[in-house]
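Please open the structure in your viewer, with the sequence alongside, and follow the stops below in order.

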Protein chains: 2
Amino acid sequence: MNTATRKEEIVAVASSLFKEKGYNAVSMRDIAQEMGIKAASLYNHISGKQEILSTLILYLARKFTSGMQAVIDSGGTPLDKIKEVIEMHIDITVNHSEALAALNNDWMHLENEDLSNFVRMREDYEDNFRKIIKQGIEEGDLKPRHPEVILFSILSTLRTLYLWYQKRGKLDVNVLKKDMVAVLLEGIV
Amino acid sequence: MNTATRKEEIVAVASSLFKEKGYNAVSMRDIAQEMGIKAASLYNHISGKQEILSTLILYLARKFTSGMQAVIDSGGTPLDKIKEVIEMHIDITVNHSEALAALNNDWMHLENEDLSNFVRMREDYEDNFRKIIKQGIEEGDLKPRHPEVILFSILSTLRTLYLWYQKRGKLDVNVLKKDMVAVLLEGIV
DNA sequence: TAACAAAACTAACGTTTGTTAGTTACATAT
DNA sequence: ATATGTAACTAACAAACGTTAGTTTTGTTA
């Protein structure tokens, strides 16, 4: 068992505690206890509590960034791209539902360059999505609604998916994608 | 200036600090400093940090509960009721955008009966909304999508509205309601 | 002016926090 | 058998936390 693996274990355990109580309400002693060791032993594998948070969040932020880049490069219509973004979000959520809580709720506890890098990535992400939506409206694929309302109604739904995906009996991923795309794009009436 | 007013002032100041950093990252000294007094002085008006949180959250939770009851009693079609729920959320968000952060992110730090009361109110709220949606599907007003997907895509959007409502140049409330209802009900394509 | 209540203050308390230092247990390689 | 490196341990630190006790300031009422 090498150090890298042990570190990943710590990050994984911390993720699920952060999801329950938030970054600041989880102590190093809590994390250690959950792993069956003492708090001081954690420092053989990580440099501090901050590193756990930044490892966690920046790993996911990079996934979203590269996922968005893949969508942009895909060459489809704006409507195709929106579908791809939705599906990407669902894929990441299904595979990392524990860690997503920290990304959504605890990013402001990042420090220095980690914080500014995250904020920049998040702004870029939203900007890219906004451009796709605006292009869709210009080309007549989308109804002429306020782009900001479209952007945040889709993004809000996708970003909080991690909260209810698992507690509702683990819907099949493909069914979820299909229904989600339908509801978000075509509405409900 | 009576005690009740001073307490409300504390709760208001705390709300906006909680929104920025979360309940556990805000100290009594932070709150006091923001008010220009010392931490110990806060205890002339409140019994403790917990009381700030529970005052804040339960006040809002009751607003949502009574708002939902008004919708149920309104006697409209399921579709009418969904529109009313959306408009109610927007009204509460516009009037209490600071305090909504704690309701969404810090409710788990409530204690004892406050916690159980809140959880019950939240479950009841979702149940009531779910019933409206299911009835809408049965009566043919809504497309036959998975009710859970409809419920949470609408609710997620409404619950995170406080995050972006003000930073996007304060859209007019009535325009926001109109666009939001349109996007959530009729989709974007 | 004296009395009173409200709301601020200073000082300190016991805990909990993240973290460091130094030490021990144990498996693997020489 | 010895040496080495990994990963656990105990003990302790300074700082920050929520909170309490007792005191002073301030403004209003009799």
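In what order do the elements of chain A run from the N terminus on? They run α-α-α-α-α-α-α-α-α, and chain A has 9 helices and 0 strands, where helices (H or I, at least four residues) and strands (E, at least two) are DSSP runs numbered from the N terminus. This is a predicted model, in which local features need pLDDT of at least 70 and side-chain atom pairs count only at pLDDT 80 or more, whereas totals for chains, interfaces and linings use all residues. Residues are numbered from 1 along each chain as its sequence is written, chains are lettered from A and ligands numbered from 1 in the order in which they are written, and side-chain values use heavy atoms, with hydrogens and water left out.

**Chain A as a whole**

Select chain A and show its C-alpha atoms, which fill a box of roughly 60 × 40 × 30 Å along the principal axes. Next select residues 49–73 of chain A, helix α3, whose 25 residues should span 36 Å at 1.5 Å a residue (the expected span is 1.5 Å times one less than the number of residues); its end C-alpha atoms are 37 Å apart, which agrees. After α3(A) comes A:G75, with a positive phi near 80°.

**Helices around α6 of chain A**

Select α6 (residues 112–138) and α7 (residues 147–159) of chain A, which pack at an angle of about 125° with their axes 10 Å apart; axes are lines fitted to C-alpha atoms, for helices over the stretch in contact, and angles run from 0 to 180 degrees between N-to-C directions. The two helices, α6(A) and α7(A), are therefore oblique to each other, given that angles under 35 degrees count as roughly parallel, over 145 as roughly antiparallel, 65 to 115 as roughly perpendicular and the rest as oblique. To see their contact (heavy atoms within 4.5 Å), show residues including A:Y125, A:F129 and A:I133 of α6(A) and A:I150, A:L151 and A:I154 of α7(A). The residues of this contact divide into 10 nonpolar, no polar and 6 charged, where Ala, Val, Leu, Ile, Met, Phe, Trp, Tyr, Cys and Pro count as nonpolar, Asp, Glu, Lys and Arg as charged, and the others, Gly among them, as polar.

**Where the two chains meet**

Which helix of chain B has an axis within 8 Å of that of α7(A)? Select α7 (residues 147–159) of chain B, whose axis crosses that of α7(A) at roughly 110°, so that α7(A) and α7(B) are roughly perpendicular to each other. Their contact is made by A:S153, A:S156 and A:T157 of α7(A) and B:S153, B:S156 and B:T157 of α7(B), which divide into no nonpolar, 6 polar and no charged.
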